[in-house]
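Please read them with the model open.

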Amino acid sequence: MVIKVFVATSSGSTAIKKKQQEVVGFLEANKIDFQQMDIAGDEDNRKWMRENVPGEKKPQNGIPLPPQIFNEERYCGDFESFFSAKEENIIYSFLGLAPPPGTKETEKSDATEETEAKSEDKTDEGAHEEVQSTQSPSESQQESKEEHEATGEEEEEKEKQEEGEEKEEVEEQEES
């Protein structure tokens, strides 16, 4: 499967150029195989891209702007959907590719599978209490900690705490 990124190599818009560079740079940095398809110099590429972007993804004027991303013939999305997938660490799913081992996306899919397996266990056992009794408090605490870390809330809390400590130090120095 080949990822196709439709770009305009001679675009006059700096915003379009930056978006194209971000997509291409990310794919190169993550060693994801792709082809750049120039719509500025190749009328067939331009026509193919415009015909294959789904109607609901086209702007009001009906002409989609680059970058547009496809996996072979399957439409993946535009820059905004690429950016969202990147931020949510689901870029491989977005591209229709299997995530390589050890990536955050693999860890997320493993965690999802574990969650689904646990919910199936709960259904199989028939009672929520039975499942909780088989899990020690330390296991529950560990799972809660992992979920908390995964959301990045811990880092935000640390930053807020550090800011608060810095403010307290400044206030103490001003009082002295």
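1. The chain's secondary structure amounts to eight helices and four strands, where helices (H or I, at least four residues) and strands (E, at least two) are DSSP runs numbered from the N terminus. Starting at the N terminus, the order of elements is β-α-β-α-β-β-α-α-α-α-α-α.

2. This is a predicted model, in which local features need pLDDT of at least 70 and side-chain atom pairs count only at pLDDT 80 or more, while totals for chains, interfaces and linings use all residues. Residues are numbered from 1 along each chain as its sequence is written, and side-chain values use heavy atoms, with hydrogens and water left out.

3. Four strands form an open sheet with mixed pairing, in the order β2-β1-β3-β4; two strands pair if DSSP finds at least two bridges between them. Because β2 (34-38) and β4 (74-78) are at the edges with a single partner strand each, one side of each has no neighbour in the sheet.

4. Strand β1 (residues 3-7) pairs with β2 in the parallel sense, over five bridges. V7 is opposite D38 in β2.

5. Helix α2 (residues 43-52) lies across β1, β2, β3 (68-71) and β4, at about 80° to β3. Helix α3 (residues 79-87) also packs on the sheet, touching β3 and β4, and its direction makes about 85° with that of β4. Axes are lines fitted to C-alpha atoms, for helices over the stretch in contact (heavy atoms within 4.5 Å), and angles run from 0 to 180 degrees between N-to-C directions.

6. Of the chain's 176 residues, 26% count as buried, meaning under 20% relative accessible area (1.4 Å probe, protein chains only).

Note on methods: Buried means under 20% relative accessible area, exposed over 50%, partly exposed in between (1.4 Å probe, protein chains only).
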